[in-house]
Amino acid sequence: MQQVVYVANPVSGFIHVFQLKDHELVPLQEVQTGGEVQPLVISPDKRWLYAGVRPDFKVLSYPIAADGRLGTPVSAPLVGSASHTCTDARGKLFFAASYAFDHVSVSPMDAAGRVLAPHQRIDQLMAAHSVTLLTTEQGEQELLVACLKNDAIRRFALNEQNRLEPHPLGDIHTATGAGPRHLALHPTNGDLYCLNELDCTLNRYHREADGCISARESLDIMPAGYEGERWGADIHLTPNGRYLYTCERASSLLTLFEVDEEDGKLTALAHFPTEPCPRGFAIDHSGHYLVVTGQESQDLALHSIAPETGSLTLLSRQPVGRGAMWVRVLALE
């Protein structure tokens, strides 16, 4: 499997492009975006990389070449700074959460896949930190917006006019002061996970056949007895859904959870030190590697994932400059 890793650094303005092969990250390209580049997302057809940039509030649509290199981008405006982005399952809509401006926006795409100007904005989503698309077995789509200051995950249905409307089953609420930040979906068992930034808890929910989403459990992502600052950041699962990882910035730790194959119950297995202040990470499509950035580090770290235990082993580092925040991995055809 040929894979490419994209890393965004808002301090330098660069998107760094690496090949992931032979247990190494091999530098392939550096692209200057001309702004504070942050959230990255790859189109469902793997033809585009979308990069949110501030302070001009725009999204850059980069065409992806056959070897993973990025071509000349097309720019489209956003109505606020993007903190997190995603697309719909068809690659026709682009969603952007704005933490600073308390909203989510919806942008259409043209026939080629380039993002256009937004056609909808929903306000009063306090500290909207992330957007996650949920697709049902019937093909219906809904958008989940983690609103940190609301202690809620807002649910929106996508209607036939490609606009969001409040979901008829209502929102999901976390504990007071939890601060929901990033979400992850299990690939097969119907579970949804929420990493809470402020209290560093991990919530597991389950989506029932009728669309209701119910809470199942909440766990601490920090080691037993930990008394330091709590500042949760990111969450991802291996492609087979067996292992789940979170990162926390104050302690610079990655936490490993095992997902029970029968009932989905989570078990915390281990904590691993990583780059200082780990802001973002990704797991490759084979499930063999975890790639992580540190906001207080100069490097991008490549860890191997032990298939039988989920344990992490540092393999190598590559320089990406201080402040790198976003990682995305593309599997080439």
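In strand β18, Leu192 is the bridge partner of Leu185. Strands here are DSSP runs of type E with at least two residues, numbered from the N terminus. β18 spans residues 191-196 and runs antiparallel to β17, with five bridges joining the two. Two strands count as paired if DSSP finds at least two bridges between them. The model is a predicted one: local features need pLDDT of at least 70, side-chain atom pairs count only at pLDDT 80 or more, and totals for chains, interfaces and linings use all residues. Residues are numbered from 1 along each chain as its sequence is written, and side-chain values use heavy atoms, with hydrogens and water left out.

β17 and β18 belong to an open sheet of four strands, ordered β17-β18-β19-β20 and paired antiparallel. Its edge strands are β17 (180-185) and β20 (213-220), and each of them pairs on one side only. On average, neighbouring strands of this sheet are turned by 25° against each other, direction ignored. The axes behind this angle are lines fitted to C-alpha atoms, and angles run from 0 to 180 degrees between N-to-C directions.

Within this sheet, β18 and β19 pair in the antiparallel sense over five bridges. Asp191 has His206 in β19 as its bridge partner. The two strands form a hairpin with four residues between them. In that turn, Cys200 has a positive phi of about 55°. Seven bridges link β19 to β20, again in the antiparallel sense. Tyr205 stands opposite Ala215 in β20. This pair also forms a hairpin, with five residues between the strands, and Gly211 in the turn has a positive phi of about 95°. β19 covers residues 201-207; six of its seven residues are buried, so the strand is largely enclosed by the rest of the structure. Buried means under 20% relative accessible area, exposed means over 50%, and partly exposed lies in between (1.4 Å probe, protein chains only).

A further open sheet has four strands in the order β3-β2-β1-β29, with antiparallel pairing. β3 and β29 stand at its edges with a single partner strand each, so one side of each is left without a neighbour in the sheet. Neighbouring strands are turned by 25° against each other on average, direction ignored. Eight bridges pair β2 with β3 in the antiparallel sense. Ile15 stands opposite Val31 in β3. Leu28 is also found in β3, which spans residues 24-32. Leu28 is buried, at a relative accessible area of 16%. Not counting residues up to four places away in sequence, Leu28 touches Val17, Phe18, Gln19, Asp67, Gly68 and Arg69. Contact here means heavy atoms within 4.5 Å. Leu28 and Ile221 are 193 residues apart along the chain, and their C-alpha atoms are separated by 35 Å.

The largest nonpolar core has 21 residues. Those with the most contacts inside it are Tyr6, Ile15, Leu40, Leu49, Tyr62 and Leu70. At least two residues of this core come from each of β1 (3-8), β2 (14-21), β3, β4 (36-42), β5 (48-54), β6 (58-63) and β29 (326-331). Another core lies apart from it and has 17 residues, among them Cys86, Leu93, Val104 and Ile122. A nonpolar core is a set of buried Ala, Val, Leu, Ile, Met, Phe, Trp, Tyr and Cys residues joined through side-chain atoms within 4.5 Å.

Two further buried residues were examined. Thr87 lies in strand β8 (residues 84-87). Its relative accessible area is 9%, so Thr87 is buried. Beyond its neighbours within four places in sequence, Thr87 is in contact with residues including Val41, Tyr50, Leu93, Met109 and Leu133. Ser98 sits in strand β9 (residues 93-98). Ser98 counts as buried because its relative accessibility is 1%. The side chain of Ser98 reaches the backbone oxygen of Ser81 at 2.7 Å. A polar atom of that side chain also lies 3.2 Å from the backbone nitrogen of Phe101. Leaving aside neighbours within four places in sequence, Ser98 is in contact with Gly80, Ser81, Ser83, His103 and Ala128.

The disulfide count comes to zero, where a disulfide is a pair of cysteine sulfur atoms within 2.5 Å. For Cys86, the nearest cysteine sulfur is that of Cys147, 13 Å away. Cys86 is buried, with a relative accessible area of 9%. For Cys212, the nearest cysteine sulfur belongs to Cys194, 18 Å away. Cys212 is partly exposed, at a relative accessible area of 32%.

Terms used: A polar contact is a pair of N or O atoms within 3.5 Å; within protein, one must be able to donate a hydrogen and the other to accept it, and residues adjacent in sequence count only if both atoms are side-chain atoms.
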